[in-house]
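This report concerns a structure shown below.

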Amino acid sequence: MPTSQAAQTILQHPLAFVVRTLKAFRANQGLLLAGAVAYYALLSTVPLLILIVIALSHVVDQHELLQTLGRYLEWLLPGQSDAIVAELSNFLAHREVIGWVLLGTMLFFSSLAFTVLENAMSVIFHHRVAIRRRHFLVSALLPYGYILSLGVGLLLVTLVAGSLQLIGQEKVELLGHVWSLSGVSGVLLYLLGLAGEIFVLTSIYLVMPVGRLSLRHALLGGVTAALLWEISRHVLVWYFATLSQISTVYGSLTTAIAVLLSLEIAATLLLLGAQVISEYERTGISATHSAPKPFTTEQR
């Protein structure tokens with residue numbers, strides 16, 4: 001079905017599309033896949049950030065880099081960014097302990113989340129995998145290429161954020177009135193973060209699934225996941241600040257549990273956005289092919 005007709009069909013029956021997407025996500029064991037992605041993302045986050053910060057600290061001031069990283073980590077790990085940045089700062093203060101073995105270990109663990117994410121995407125886009133499979137060398141090198149891209153992106157964001165902070169220190173005088181630009185810079189930083197979030201999600205949907213995905217479809221999933229995450233992260237911030245008794249229950253494990261919970265929700269929304277794209281592609285296909293069969297284990 002042409003894209004315009006598929007969009008028209010969805011707009012005419014939006015609730016049916018939502019229900020079909022949720023049913024397909026459940027049939028694909030979306031929550032189980034999200035749990036696997038979140039677990040390996042927890043293992044990958046700190047080594048990945050260490051590698052990126054060590055590389056960029058040769059180009060950008062370390063304090064400014066950590067400040068920018070902490071600001072945007074708050075988008076991924078609401079309420080827990082300070083603890084992560086403190087650990088990064090402590091590690092950087094003793095960077096001389098890094099040897100080739102430790103460097104290789106960090107490279108290995110930092111790539112785990114991307115590998116598991118690619119496998120999860122293969123389940124959701126199984127109709128693409130059945131048609132075309134990705135060469136194993138591409139899958140092996142993909143995580144490291146993405147790590148390099150994230151490092152370049154963080155460098156650009158750090159430079160832009162520094163410029164916006166300078167704007168916030170300026171004032172505008174007009175007809176005897178003085179207006180501070182701090183509020184304007186805050187709005188611009190928020191919009192920069194939101195645009196970066198949508199860009200990263202869209203790039204994941206473009207790169208991870210097998211085969212070529214159209215930019216329009218990837219952007220559809222990126223915007224969907226970003227908007228859902230914006231709502232979720234504000235709820236998480238409110239929950240951790242008011243209702244949560246997580247520190248009482250888990251004690252010294254509080255940070256790890258809170259980070260894992262945030263990553264679990266983020267991974268669920270990431271895969272749900274992929275499911276939206278998958279169902280959008282399936283619109284117009286006969287019911288026997290459009291509805292994925294639940295994954296079950298054979299009983300003997």
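## Confidence of the model

The protein chain has an average pLDDT of 76, and 75% of the residues score at least 70; pLDDT is the predictor's confidence in each residue, from 0 to 100. Because this is a predicted model, local features need pLDDT of at least 70 and side-chain atom pairs count only at pLDDT 80 or more, while totals for chains, interfaces and linings use all residues. Residues are numbered from 1 along each chain as its sequence is written, and side-chain values use heavy atoms, with hydrogens and water left out.

Among the elements of the chain, helix H2 has the highest mean pLDDT (89) and helix H13 (residues 287-290) the lowest (44). Helices are DSSP runs (H or I, at least four residues), numbered from the N terminus. Over residues 286-290 the pLDDT is below 50, and beyond near neighbours in sequence this stretch has four contacts (heavy atoms within 4.5 Å) in the model. Where pLDDT is low, the predicted coordinates should not be read in detail.

## The largest pocket

A pocket is here an open set of points on a 1 Å grid over the protein atoms alone, where a 1.4 Å probe fits, with protein on both sides within 12 Å along at least five of seven lines; lining residues have an atom within 4 Å of a point. A volume is the space filled by probe spheres set on the points, which are joined across faces, edges and corners.

The largest pocket holds about 1,400 Å³ of space. Its lining comprises 40 residues, and those nearest the centre are Leu76, Leu150, Gly196, Val200 and Ile204. Helices H3, H4, H6, H8, H9, H10 and H12 each give two or more residues to this lining, with H9 giving the most, 10 residues. By class, the lining has 32 nonpolar residues (Ala, Val, Leu, Ile, Met, Phe, Trp, Tyr, Cys and Pro), one charged (Asp, Glu, Lys and Arg) and seven polar (the others, Gly among them).

## The second largest pocket

About 350 Å³ of space lies in the second largest pocket. It is lined by 16 residues, with Ile10, Phe17, Leu220, Thr224 and Val276 closest to its centre. Helices H1, H2, H10 and H12 each give two or more residues to the lining, which has 12 nonpolar, three polar and one charged residues.

Leu189 lies in helix H9 and counts as buried (under 20% relative accessible area, 1.4 Å probe, protein chains only) because its relative accessibility is 12%. Leu189 and Arg71 are 118 residues apart in sequence, yet their C-alpha atoms are 9.5 Å apart in space.

Thr254 belongs to helix H12 and is buried, with 15% relative accessibility. Leaving aside neighbours within four places in sequence, Thr254 is in contact with Ile246 and Ser247.

Technical notes
Buried means under 20% relative accessible area, exposed over 50%, partly exposed in between (1.4 Å probe, protein chains only).
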